[in-house]
Structure formats: C-alpha cells, structure tokens
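Open the structure in your viewer and keep the selection tool ready. Here is a short tour, stop by stop.

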Amino acid sequence: MAVSSWVPPSLPESAASGLVLRDRWCYIADLPNNTTAESTTSSGLPIQVTFRAARPPLLSHFCVHCPGLDFRRIGPKIVATDADLVLLCVPVNPNSTTGASDWDYFVYRPRAAQWLDLLPSPDPRCLNDSATALISRQDGAWYAVAALGACYPIFHGHALIRWEFDLHLYRSSSNSKGWISKRLSLNELERDNLIPLPPAVHRLYHVTGKTITIGGEHGTVAWVDLWRGIFFCDVLKKRPLLQDVPLPVPARANWDRLLRNGEPSFLRDVTISRNKDSIKYVELEFRPPQELNAAATTPVKSYADWVRNNSRKPQVIIPHGWKSTTWNMAIPVGSSDGWHRDCVVDVEDVSLEPCLAHLMAMLSSKTRYVMYLSDYDKSLSSRHDNPLPYNLVMK
C-alpha cells in the first residue's frame with residue numbers, strides 16, 4: 001500500500017447500519033469519532049484507532065493515529081475479526097517488518113465502551129495473518145487469539161507417518177497474560193488418499209490460505225487450505241485436536257489447472273453461513289477446455305486415476321464459458337462425507353435482458369473480463385447465506 005494511499009477517502013455523512021464491507025488496510029489519520037479508542041504501543045507511544053463506517057458498496061475503514069511511528073514502508077492492517085472485536089497489527093520497526101517483534105498486536109472494540117488492548121508480543125513466535133483467528137467470548141468480555149504455526153513431517157525411516165503443527169494461543173482472561181504453544185499431531189492423512197498429488201508436485205500437506213472463526217463452546221476455528229482441505233480445531237479445549245476434512249475432488253477441468261496455479265482463490269473459496277451453522281465451498285470451473293498441442297489419450301474417469309496415470313502434460317487450455325458449483329457441510333462437522341452439492345450455475349443457462357446483453361456486447365469489445373473468486377472473504381459480511389461467489393472485474 002503506497003504512502004499516498006494512506007490518506008482516508010471522504011465518506012457520506014449518513015451512517016451505516018448492520019453489515020458493512022471493510023478494508024483490510026488501515027489509513028493513517030487523526031479523525032476521532034464515537035468509536036475512537038486509545039492505548040499505548042510497546043514502546044510507550046500513545047496510539048488511537050477509529051472506525052469509520054459506510055453503507056455498502058462503499059468500504060468502511062479504520063484509521064490509526066500514532067505520531068511517533070514511521071509508516072513510510074508499510075502501514076497497519078486488519079488481521080482478523082469476530083463479532084464486534086477487531087485484531088490489528090501495527091508496524092513499530094521502520095527498518096524491518098519480518099519478525100514478530102517488528103509488530104504490535106492490538107484488539108479493538110469500536111462499539112459501546114470502546115477499548116484498545118495491546119497484546120503481549122508473540123516473539124519468538126511468528127504469526128501468519130492468513131492463519132490467525134480472533135475468538136470473542138461472552139459478548140467481548142474476554143477473547144482469545146489462535147494461530148496455526150509451522151508444520152513438520154515426521155518420518156519412520158523413509159516412510160512419512162504423520163504431520164505435526166504448532167498452535168499458538170493467547171487468552172485475555174489468563175492469569176499468565178502470555179502466549180502458549182502446543183504441538184498438534186495429524187496421524188490420519190486422509191487427503192493423500194482422497195485427493196492425492198502427483199509425485200512431481202512437492203507441496204506441504206497443509207498451507208493455510210484463510211482462517212474462519214466458528215466459535216461455539218470450545219472456540220472452534222477452521223484453517224482452510226484451498227488446495228485440498230480444512231483443519232477444524234477446538235482451540236480452547238485443554239487438549240485440542242486437529243480434525244482434517246478434505247475438500248471435494250476438484251472439477252475435471254481444474255485437475256491440471258489447480259496444480260499449475262499458484263493461487264487457488266482464483267478458482268475456489270470457503271466461507272461460513274451468517275448463522276455459523278454450515279460451511280460453504282464454491283469452485284469455479286472454466287469449461288469445456290480446448291487442449292492445444294496435447295497428445296490424444298483415452299479419457300480417465302476419476303481424479304485419482306489421472307494422478308496415477310501421470311496424465312499431467314504440457315498443454316494450453318482455452319476456456320469456453322464457466323460453471324460454478326457450491327457445496328455445503330453442516331456444523332458441527334462430522335467427516336469429509338458431510339459435503340453435499342448445493343447449487344450448480346452454468347453460464348450457458350444464464351440469460352440477460354436484451355438491453356443488458358447489448359451493453360455487455362459493447363463492453364466486451366473494449367475490455368477484457370477476468371472472473372475470480374473474491375480474496376476479501378475476511379473483509380466481507382454477507383446479508384444472505386448464499387452470496388455471489390465471485391467478482392467481475394474489468395481490466
């Protein structure tokens with residue numbers, strides 16, 4: 001985010017009510033209102049945070065004011081939200097942003113009795129924004145922050161027998177007022193059986209792309225790897241365990257695309273319903289693909305057969321239309337068998353009014369459209385349980 005972009009835009013005076021869209025990055029400005037809360041940084045500098053709400057489709061945003069900090073390299077950002085609590089991190093070292101000690105973490109409450117809590121430094125632990133959850137408890141009376149850390153393969157001889165992961169946890173109600181870490185083991189490697197990877201593809205068993213706070217009695221958190229699956233964990237239990245739930249097998253047109261594409265959120269996304277009673281997964285499939293310069297082969301019937309037959313070959317795929325498939329799974333989650341196909345939307349079945357069809361034809365002659373799944377899931381709150389799974393962007 002460029003320094004010139006840290007000046008907040010003007011917003012209409014009419015206040016937003018209900019659900020809003022928020023910006024991930026904070027602006028640098030002294031614009032106090034009835035949501036402003038104050039605290040001090042780890043070095044003792046005064047700091048204040050303000051929330052400025054706007055009616056959708058405008059973005060609401062946060063403003064940070066701390067005259068003693070240097071924000072020339074990077075600015076504050078929102079890490080996670082839950083209920084009316086916000087976890088944000090503020091860079092405090094103008095020369096580095098790579099270590100945990102280079103950031104201050106705050107939990108902010110903009111409503112009712114506003115407050116801004118400085119968290120103890122997680123150092124030497126490093127928190128990955130995409131793998132960090134905020135869990136509000138008892139209507140914000142206390143909270144927890146949970147982050148999934150590094151993963152380690154464990155071998156017996158040359159055989160992989162399990163994966164281990166670090167769970168970093170902070171509770172505001174704890175007498176210790178510090179972070180604790182626990183080692184979690186995963187012995188049943190379901191993804192390798194249901195969604196195997198070709199031998200030539202080297203990837204960790206789980207790479208968190210986004211984190212969803214489910215909450216409930218035991219503070220359930222979902223760490224989502226859009227390649228292959230979701231880890232569910234009751235982080236507030238004395239002995240938390242990882243529950244591994246693989247995603248549905250990729251759509252046929254995405255078999256090779258997902259292995260070549262470094263960012264799966266262009267094709268897939270996972271979110272939670274507004275009532276937090278179900279997990280929703282959506283996959284966008286460009287179809288039917290036209291393969292150029294690809295050797296003629298007998299079509300394989302399943303994804304697993306395709307992997308075993310080493311059918312991944314250099315090819316050029318020209319998409320002709322798209323299809324979107326939505327799956328859902330009830331919470332609490334049982335197993336990977338809990339996925340149910342919910343809705344399929346094919347572009348060939350979508351019709352436009354004549355006036356809109358004419359407008360789209362004119363635009364398509366002047367612009368290039370790129371369809372991608374939104375990567376603002378942490379920032380968007382939907383008024384419906386079935387929001388549109390993608391954005392249409394003109395380039």
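**Stop one: an aspartate in a loop**

Select aspartate 102 and asparagine 93: their side chains make a polar contact at 3.1 Å (a pair of N or O atoms within 3.5 Å, one able to donate a hydrogen and the other to accept it; residues adjacent in sequence count only if both atoms are side-chain atoms). This is a predicted model, where local features need pLDDT of at least 70, side-chain atom pairs count only at pLDDT 80 or more, and totals for chains, interfaces and linings use all residues. Residues are numbered from 1 along each chain as its sequence is written, and side-chain values use heavy atoms, without hydrogens and water.

Aspartate 102 sits in the loop between β7 (85–91) and β8 (103–109) (strands are DSSP runs of E, at least two residues, numbered from the N terminus).

**Stop two: an aromatic pair**

The structure holds eight aromatic pairs (rings of Phe, Tyr and Trp, the last by its six-membered ring, with centres within 6.5 Å; planes under 30 degrees apart are stacked, over 60 edge-to-face, the rest tilted). Select phenylalanine 62 and tyrosine 108. Their ring centres are 6.0 Å apart and their planes at 80°, so the pair is edge-to-face. Phenylalanine 62 belongs to strand β5 (residues 59–65) and tyrosine 108 to strand β8, so the pair ties together parts 46 residues apart in sequence.

**Stop three: a cluster and a charge**

Now select Trp115, Tyr143, Tyr170 and Trp179, which ring pairs link into a cluster. Finish at tryptophan 103: lysine 77 lies over its face, 4.9 Å from the ring centre (NZ of Lys or CZ of Arg within 6 Å of the ring centre and within 35 degrees of the ring normal).

How values were computed: Helices (H or I, at least four residues) and strands (E, at least two) are DSSP runs, numbered from the N terminus.
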